[in-house]
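This report describes a single protein chain for a reader who has the sequence and coordinates at hand. The structure is shown first.

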Amino acid sequence: DGCIKAVGQADVIRNQFSEATFERIIDCSGKCVLPGLVDAHTHPVWAGDRVHEFAMKLAGASYMEIHQAGGGIHFTVEHTRKATEDELLAALQQRLGRMLRAGSTLVECKSGYGLSLETELKMLRVIERARRSMDIGISSTYCGAHAVPRGKTATEATDDIINNHLPKLKELKLSGEMDVNNIDVFCEKGVFDLESTRRILEAGKGIGLQINFHGDELHPMKSAELGAELGARAISHLEEVSDEGIVAMARAKCAAVLLPTTAYMLRLKQPQARKMLEEGVIVALGSDFNPNAYCFSMPMVMHLACVNMKMSMNEALAAATINAAYALGKSDTHGSLEVGKQGDLLIINSSRWEHLIYQFGGHEALINYVIVKGKVIYENERCETMSSY
């Protein structure tokens, strides 16, 4: 059934399964077995290339300056609206394939570059098609409140989402056409304020979606306090979170999805991972893969978390496995090697798992096998001829 049957000492396992026959046995002598990595925050469905914006950022333009000049999310929305469903699916499958080869076996995937009901549904259909056709696990997120569409106020956009988008999603969920898991809002100054965010998140919760939203990224918005109050499963970013917000999240068991790539690329203040961990917040990690933070690799995210956010390697591994699974409501089935959980594993070409974090950008010669539901779905032949050191 693709689930883990036993975990323990080699000789005990050998005795327990001495009569069993196997399709395949992998010799992991001198190697490490880890849970498949979980990427708790990505925006992988879009068209249009924003490489030119990277040059603008390097020249000193801020995220909001690019956004106001017609770049950023609006640029991607324009191109995503024009792209066909099949074009978007082909791009998504390629991106998810790269994430898989970097060790991610469960990925959260957001819509949010449509901003109109028609394009948001197109993006969610693309995510659903990928979920049904690929081995990688997907948690699907409706993020129609990613930006305020041109020609609308935030209040008008909020009303449209509550009155039109969410009822349609509920209908598609009930008919089994689409399995959307989470609701997301970009709660930010000049985007969706606290009150609009509250209205959308409550309406999403009302149709059975988990609350998992962007908060306190560029300005302190009291998003963490709101999320804790609403029973949010997770809040992402949190570069500008308040001390009260951190305490509230810890009490509410609301996960903090930290995105070290974003703070790194936008030269923002780093999220206070240490303070959150000390206060007892469940800290998870995500790549924030999107046209603004083009990173597929959770091993690189873990490395940045250790260096820039002062996490230990153990904390980073937990944040990219069991805690990221918790942030998606999947920690009962994913994120650790335990009997009865889904058999999602990585085999690392090293006798020490820490090499996965230590070798910055080195995962291509380190990840020997990626296994999902007990089935080898990626085998890296280079590992057989190369030492991991």
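## Basis and confidence

The structure is a predicted model, in which local features need pLDDT of at least 70, side-chain atom pairs count only at pLDDT 80 or more, and totals for chains, interfaces and linings use all residues. Residues are numbered from 1 along each chain as its sequence is written, and side-chain values use heavy atoms, with hydrogens and water left out.

The average pLDDT (the predictor's confidence in each residue, from 0 to 100) is 96 for the protein, and 99% of the residues score at least 70. Helix α17 (residues 382-385) has the lowest confidence, with a mean of 77, while β9 has the highest, at 99. Helices (H or I, at least four residues) and strands (E, at least two) are DSSP runs, numbered from the N terminus.

## Domains and annotation

Domain bounds come from an automatic or database domain assignment. Three domains are given: domain 1 (3-31 + 342-379), domain 2 (35-47 + 83-328) and domain 3 (50-78). Taken over C-alpha atoms, the centres of domain 1 and domain 3 are 42 Å apart.

In an unreviewed entry, UniProt lists residues 33-376 as "domain: Amidohydrolase-related"; UniProt positions are given in the numbering used here, feature names are shortened, and annotations may be inferred rather than shown by experiment.

## Helix α13

Helix α13 (residues 298-308) is largely enclosed by the rest of the structure, because 8 of its 11 residues are buried. Buried means under 20% relative accessible area, exposed over 50%, and partly exposed in between (1.4 Å probe, protein chains only). The buried residues of α13 are Met-298, Pro-299, Val-301, Met-302, His-303, Leu-304, Ala-305 and Cys-306. Their cover includes β2 (37-39), β3 (104-110), α11 (260-265), β9 (283-285), α14 (313-319) and α16 (355-358).

At the N-terminal end, α13 is capped by Ser-297, which has a side-chain oxygen 3.1 Å from the backbone nitrogen of Met-300. Lys-310, with a positive phi near 65 degrees, follows the helix.

## Helix α9

With 7 of its 8 residues buried, helix α9 (residues 223-230) is likewise largely enclosed by the rest of the structure. Ser-223, Ala-224, Glu-225, Leu-226, Gly-227, Ala-228 and Leu-230 are buried in α9. Elements covering them include α8 (194-206), β6 (210-215), β7 (234-237) and α10 (243-252).

Positive phi values occur on either side of α9: Lys-222, found in the loop between β6 and α9, has a phi near 65 degrees although it is not a glycine, and Gly-231, which follows the helix, has a phi near 75 degrees.

## Nonpolar cores

A nonpolar core is a set of buried Ala, Val, Leu, Ile, Met, Phe, Trp, Tyr and Cys residues joined through side-chain atoms within 4.5 Å. The largest has 97 residues, and those with the most contacts inside it are Leu-96, Leu-169, Leu-238, Leu-258, Met-276, Leu-285 and Met-302. A second, separate core has 13 residues, among them Leu-106, Leu-259, Ala-325 and Tyr-326.

Contact means heavy atoms within 4.5 Å. Setting aside neighbours within four places in sequence, Met-276 contacts Leu-238, Val-241, Ile-246, Ala-256, Leu-258, Val-281 and Val-283.

## Individual residues

His-41 is in the loop between β2 and α2 (51-58) and counts as buried at 0% relative accessibility. Beyond its neighbours within four places in sequence, His-41 contacts Glu-108, Lys-110, His-214, Ser-236, His-237, Val-257, Leu-259, Gly-286, Ser-287, Asp-288 and Phe-289. Thr-76, in helix α4 (residues 72-82), is buried at 0% relative accessibility. Not counting residues up to four places away in sequence, Thr-76 touches Trp-46, Ala-47, Arg-50, Tyr-113 and Pro-291.

Val-126 belongs to helix α6 (residues 117-133) and is buried at 0% relative accessibility. Its C-alpha atom is 5.4 Å from that of Leu-89, 37 residues apart along the chain. Apart from neighbours within four places in sequence, Val-126 contacts Val-45, Glu-85, Leu-88, Leu-89 and Leu-92. Lys-373, in the loop between β11 (367-372) and β12 (375-379), is exposed, with a relative accessible area of 52%. Although Lys-373 is not a glycine, its phi is positive, at about 50 degrees.

Definitions and conventions:
Polar contact = N/O pair within 3.5 Å; in protein donor to acceptor, adjacent residues only side chain to side chain.
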